[in-house]
Amino acid sequence: MHFNLLGPLEVWEGERRLRIGGPINERVLTMLLLEAGRVVPVVRLVEAVWDEEPPPTAVHQIRKAVGELRRRLPSGRALIVTEPPGYRALVDDCQLDLRLFDTRVRRAQEARAEGLLDNAVIHLKAALALWRGPMFAGAGGALVEATATAWEERYLSAVESSYELRLEAGEAGELVGELRELVDLHPFRESLRRHLMLALYRSGRQVEALDEYGRLRTLLAEELGIDPGPRLSELRDAILRGDSELNGPPPPAPVLTQPPSTVAGTVPCTLPCDLADFTGRQKEVAVLTSAVSASVEETSGPHMLVVDGMGGSGKTALVVHVAHRLAKDHPDGQLYLDLRGFTPGEEPLSAGSALNVLLRAVGVPGESIPEDTLGRIGLWRVTTARRRLLLVLDNAVDAAQVRPLLPASAGGVVLIASRVRLPELEGAEGLSLGLLSEDDSAELMRRIVGAERVAAEPEAAADLIRLCGRLPLALRVCGARLRKRPHWSLRHLAHRLGDGMRIIGELESGDRSVATALRMSYEAMKAEYRDDFLLLSVYPGTDFNVPAAAALLQSDPDGAERALEHLLDVHLLQQFEWGRYSFHDLVRSFAQTLPADAARQAAAARRLVAFILADVERACDALFPGRVRYGFVPGTDEGSVSSRFTGPEEALAWFAREWRNAVTVVHLALQHGLSRHAACIARSICFYLHAQSYLEDFEATARLAVEAARQDGDPELLCVSLINLAVAQWQRDGFQEGIASSEEALAVSVRLDDRRAEAACLSRLGVLSTSVGRLDDAIDYLTRAAAAHRELGLVREEAQSLANLCFAAESQGRHADAVDAGRRAERSARAVGDAGIEVTALGNLALAHLGVGQADEAMRCLRRALRLCEPLRTPALTSLVLSNLAEVAVRTGEPEVARDHATAAVEAARGNGSRARLATAENVLGRVRLAGGEYEHALAHHRSALQYATAIELRMEIARAHKGMGEALRALGLPEAAAQHDRIAAEHFTAMGLSPEPLLLGQPRPAS
């Protein structure tokens, strides 16, 4: 991507110009680019957009503009980062024409200081060629316009310097026309007038030169009342005297069409052939070629481009491909040299040996090459000084190996490939090569294996790409193996690679091997970093931070960060965002094949598990301060580098980032016999997953906690884990499984004589029994649970049991008992400040009030419940309240209001993902439609409710769905079909001890 500000704002991605939106977006982006690399406060962006009269919503509009820019620009979030008190644009120098302009001007100044006037002129021409017209074309506010004025001044200064240098170099007559145009545009700039007078004088046009002085003197007198400055007056006097010092140097000699060479013959070219199936990398090719194109035809030194990347990422293929693209622009030679920096069994090529190869390649006879390295360096520089060379240095080990090999050629290009980053190489531009995209990986597979073969097994091909981690070398090895084994299917090879312990050994074909490529990087490191690499590979998650690494390495954070940064530099680690590190899957698999000290790795695993337990416990303390504490949680002394959370926001952010990684650490703990740690970590993760309604993950993690607790053998830990699992199973509509987990937990709690756990189990069994239609059991469980919680002084838990008791009693038609339980639940929930329980209590209490004919009281409950729902943003509770509002609206004769509420209840239930809530909401909407005479719609909604309820054995809603379908079919004139549904509904209601006759909107009555 490239940003042009020297003229109207333009943003380009390759050959495609991007549209960034309206004027606010343009001004925000312009201001960020003008201050690229620095934080621009929001107030300054507001000033740039609206000057001194911003609207009240200015800050919001700025944030909206930044958000839209991030969406419109590729990698927009990485380009525009949020840093208080504003935003910062992160762009490379080669992406921004302002930076390129400054670079060219600076290089021109350096070249002039060294006496290289031709090079200085070339640099200035390149700088001036970047300008496309007036900056921003009037699209900026006062602040931006002031900046534009400053840049216009820099432009004119560069113009003046350019003509001054060209005059010093001997040009004269060819400059007159250009200078006249500039003088007409900027009549008051005396430097331009002076250059024009000098060019005219040196062209033998003395009278015209003096006329120019007269014109300026008249203009200044009339417009400003002043005379020309002393330098211009001195030039006029010198012209009148015919001063010989005004005579410039002789005109420049014609440029040679062929540079001088020490050896006659053909142009040397030692580039390897370009890959016929080179695939992808369009962005990288564009970056490298455009970086060269942005340079001038001749420079004071070679243009260096460094491509670094992990072994097997395709660095050599890329630089060779780019070299062939650039070859025609370098007629004096295209050379390639493998520096053997990471070649198995070989030492890196020394400077002397490398120079011997290069000098011979350009035609220097062997007898003319000095024996000593310094002599070879000098001869190389002399030989290349007038050559426009393209040099590819592959497999470089470090910057020190590269420096002596740099040619002295003006306008030359050096492409360098290395497994390590080379920031020490002065003046080089860098490109870190990542993995192939999914599409390019698939295209490479098609080109190697054949399009028909890939098309026949698209899923297997996708699996191969995933297993290869989009690493070009791995993909090529797979392709080669499939070509050698035409009878193999892609699925067969994917199956072989699917074994994590075999994959590295499988990725080998002929002289190509992923293991060898990675081993070269590994063995090139110092022993201490190799040890760190092995210990860090113990980490089982996707990515990790410095404190986690410090726990694994048993070091302080600074030492851990040094190790991480080194591994990052040699591309054995990846970093996709600041502070986070990860292993490529194949690098992790490679690490597992290396011999390692099992005791040290086990100790590292123990430290990591203790660290994660400490972190997850502290995060839970900050986010769920009221949770019950148990003595079975292990001490966390080993986690001394664990995180500290100043409040729930930080803890929530930690969980969002780390919970998946923490689950992988649970598995690691189980592998190392740390079952108690595993159960406690999993339990704490469940708090977060429950709160965020990640129900599937909640159940899976709760099941993992039970597995770990069984291994540990602590009955209290098992009881708590089973209760959590029962909650997850209930929320996932697994009612029978939840009952089994709760009954086992209840038995354990009774053996332990743990009244608190026993009460929790009774409460859970009450809810689950309600769901499966065992209403007598449910009321018994919930009544006992509420009493036990009250005895223990657990007000919140009592409120929850009472709220659920209200629902069970109301479902059985015991409305007075339901009202009593609901009111007690409401009071208790409000006393402890638990809005979620209060909403549940109010929603259930509303239906109980309806049952006793108190519609006004029902509406009071639901209005308060709806207000409480808004900040909670819990779809399940919102759906409950809306469904009950629909019931009340039908009862009070408001069918349209009822339908709106019921429809919204279904939408809210869909956001929750609970089939139980969806079944309830669909049944309510069906009854509303039925009451409004919309029988076909009613039938459809009840049928949908039946599907949801049947899948999870939700008996009450199954019965209601059949009852509703019967009534709808009867109204549609289908009595036989209606009778069948009536019979099924009656069977379910009878089994629950209820009468099938409709009450309110089809609510069952208690059996007499």
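**A cavity and its surroundings**

Tutor: Start with helix H28, which gives the most to the lining of the largest cavity: three residues. Keep in mind that this is a predicted model. How is such a space found? Rolling a probe the size of a water molecule over the atoms shows where empty space is left. Here, a search of the whole structure turns up one cavity of 30 Å³ or more. Its volume is about 60 Å³.

Which residues line the largest cavity? Go through them on the model: Tyr539, Phe544, Asn545, Ala548, Phe611, Ile612, Asp615, Trp654 and Glu658. Two helices each supply at least two residues of this lining: H28, spanning 598–623, and H29, spanning 648–671. What is the lining made of, by class? Six of its residues are nonpolar, one is polar and two are charged.

Now turn to the cysteines. How many disulfides does the structure hold? The count is zero. Take cysteine 620, which is in no disulfide: the nearest cysteine sulfur belongs to cysteine 686 and is 9.5 Å away. Is cysteine 620 buried or exposed? Its relative accessibility is 0%, so cysteine 620 counts as buried. Cysteine 680 is next. Its closest cysteine sulfur is that of cysteine 620, and the gap of 11 Å is too far for a bond. Cysteine 680 has a relative accessible area of 1%, so this residue is buried as well.

Next, go to the start of the chain. Three strands form an open sheet there, in the order E1-E2-E3, with antiparallel pairing. Which strands stand at the edges? They are E1 (2–4) and E3 (16–17); each has a single partner strand, so one side of each is left without a neighbour in the sheet. Strand E2 covers residues 10–13, and two bridges join E2 to E3 in the antiparallel sense.

Glutamate 13 and arginine 16 meet through their side chains in a salt bridge, at 2.5 Å from N to O. Glutamate 13 has a relative accessible area of 30%, so this residue is partly exposed. Arginine 16, at 49%, also counts as partly exposed.

How many salt bridges are there in the structure? There are 61. Look at another one: the side chains of glutamate 212 and arginine 180 meet at 2.8 Å, N to O. Arginine 180 is partly exposed, at 25%. The pair belongs to a network of salt bridges that links Arg180, Arg193, Arg205, Glu208, Glu212 and Arg215.

One further salt bridge joins the side chains of glutamate 426 and arginine 403, at 3.2 Å from N to O. This pair links distant parts of the chain, 23 residues apart. Where do its members sit? Glutamate 426 is in the loop between strands E10 (413–418) and E11 (429–432), and arginine 403 is in the loop between helix H16 (399–402) and E10. Glutamate 426 is exposed, with a relative accessible area of 52%. Arginine 403 counts as partly exposed, at 33%.

E10 pairs with E9 in the parallel sense, over five bridges. In this pairing, leucine 391 has valine 414 of E10 as its bridge partner. Strand E8 (residues 334–338) also runs parallel to E9, joined by five bridges. Glutamine 334 has leucine 390 of E9 as its bridge partner. How many residues of E9 are buried? Strand E9 spans residues 390–396, and seven of its seven residues are buried.

Terms used
Residues are numbered from 1 along each chain as its sequence is written. This is a predicted model: local features need pLDDT of at least 70, side-chain atom pairs count only at pLDDT 80 or more; totals for chains, interfaces and linings use all residues. Side-chain values use heavy atoms; hydrogens and water are left out. On a 1 Å grid over the protein atoms alone, a cavity is a set of points where a 1.4 Å probe fits but cannot get out, and a pocket is an open set with protein on both sides within 12 Å along at least five of seven lines; lining residues have an atom within 4 Å of a point. Grid points are joined across faces, edges and corners, and a volume is the space filled by probe spheres set on the points. Helices (H or I, at least four residues) and strands (E, at least two) are DSSP runs, numbered from the N terminus. Ala, Val, Leu, Ile, Met, Phe, Trp, Tyr, Cys and Pro count as nonpolar, Asp, Glu, Lys and Arg as charged, and the others, Gly among them, as polar. Two strands pair if DSSP finds at least two bridges between them. A disulfide is a pair of cysteine sulfur atoms within 2.5 Å. Buried means under 20% relative accessible area, exposed over 50%, partly exposed in between (1.4 Å probe, protein chains only). A salt bridge is a side-chain nitrogen of Lys or Arg within 4 Å of a carboxyl oxygen of Asp or Glu.
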